[in-house]
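Hello,

Here is the structure I promised to pass on.

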Amino acid sequence: MKSKASAPGKIILFGEHFVVYGITAILCAINKRITVTTEKTSDNKISINSSVGNLVSSPKKPINEIDIQLRPFYYLADKMIQKYDNKSGMKITVDSEIPLGVGLGSSSACCVAGAASISGIFAKNSKEEILQMAIEAEKTIFPNTSGADCTVCTFGGLIKYDKQNGHSKIDSEPNFHLVIANSKMEHSTKEVVSNVKEFKEKNEEKFSDICNEETGLIDDVLICLKNNDLKGIGRDMIKNQEYLETIGVSNEKLRDMIELATKTSWGAKLTGAGGGGCIFALTDENNMEKTIQQLKKNNYECFSTKIDFTGLDTL
Ligand code: MEV
């Protein structure tokens with residue numbers, strides 16, 4: 001018996017970090033996917049094969065004994081084995097088109113595709129139920145996750161998300177391309193999120209002012225998205241990048257990439273936690289190639305993506 005599911009990566013268009021403090025973020029799924037295949041076995045072992053590591057282990061182990069990258073899969077497999085059939089085992093295989101650990105939602109795509117594929121061995125669950133399992137699994141890596149990343153990987157398209165009201169779909173289907181460039185600098189989301197917390201605690205008033213600015217900016221972005229106003233979205237990206245600079249999540253390399261990409265695109269900013277990872281530039285068909293060449297000429301690895309409107313796909 002096999003159960004297979006795939007989920008897209010994502011980028012945060014606007015609002016990373018501020019979303020942790022209740023501000024609305026805007027995210028979109030991208031057309032690069034992670035596929036998880038689960039097979040039921042009779043050996044009462046959880047076996048995981050992925051490009052971030054391999055594992056063969058008995059169920060019921062304390063989660064902190066498991067390698068951090070593999071925890072969500074182990075957590076989900078263990079939970080399903082305990083719930084449905086404590087004599088069975090599972091073989092889980094992970095295939096990824098998404099560069100890992102660079103802010104493109106690889107871990108949330110793993111959690112969403114993992115939750116659907118692993119639970120799918122025993123039961124058919126709704127997307128909402130899978131999302132809840134995926135967020136639980138993601139907490140084994142990021143205990144304070146806002147849940148925003150898993151939400152967009154599950155539903156696809158463009159969403160707005162805030163902690164109090166959850167997610168809602170943005171119906172606009174703006175016609176843009178996103179050029180994503182990888183800084184190849186390692187970063188830890190947990191560490192960067194904790195640095196921002198420290199910044200906030202030391203600069204309460206400043207942080208609160210930036211949160212208010214960000215709220216106004218998000219209102220404007222929603223109007224621009226409705227009107228397919230790429231110039232307006234690009235202008236707001238540049239503004240959002242300034243706020244991210246202020247809270248200390250950018251760095252010299254990211255700034256260089258953003259400056260280069262802004263020359264030929266509508267706007268550019270970092271995406272995700274920052275401190276490394278990726279930036280993206282907003283382009284249309286006319287300036288996409290120029291933006292790619294501009295970054296490549298300066299030895300930055302980049303690729304173009306479009307919005308994925310499918311989200312979680314059970315295969
Ligand atoms: C990380 O992809 C996004 C952050 O806003 C953290 C979170 O929302 O959990 C930095």
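How many nonpolar, polar and charged residues does the lining of the second largest pocket have? By class there are six nonpolar, seven polar and four charged residues (Ala, Val, Leu, Ile, Met, Phe, Trp, Tyr, Cys and Pro count as nonpolar, Asp, Glu, Lys and Arg as charged, the others, Gly among them, as polar). The volume of this second largest pocket is about 210 Å³, and Ala116, Lys124, Asn125, Ile130 and Thr314 are the lining residues nearest its centre.

Please bear in mind that this is a predicted model, where local features need pLDDT of at least 70 and side-chain atom pairs pLDDT 80 or more, while totals for chains, interfaces and linings use all residues. Numbering runs from 1 along each chain as its sequence is written, and side-chain values use heavy atoms, without hydrogens and water.

A pocket here is an open set of points on a 1 Å grid over the protein atoms alone, where a 1.4 Å probe fits, with protein on both sides within 12 Å along at least five of seven lines; lining residues have an atom within 4 Å of a point. Volumes are the space filled by probe spheres set on the points, which are joined across faces, edges and corners.

The largest pocket holds about 1,200 Å³ of space. Its lining has 50 residues, with Ser107, Phe142, Ser188, Thr189 and Lys190 nearest the centre. Of the lining residues, 21 are nonpolar, 21 polar and eight charged.

Leu13 touches, among others, Ile26, Leu158 and Phe280 (heavy atoms within 4.5 Å), leaving aside residues up to four places away in sequence.

Best wishes
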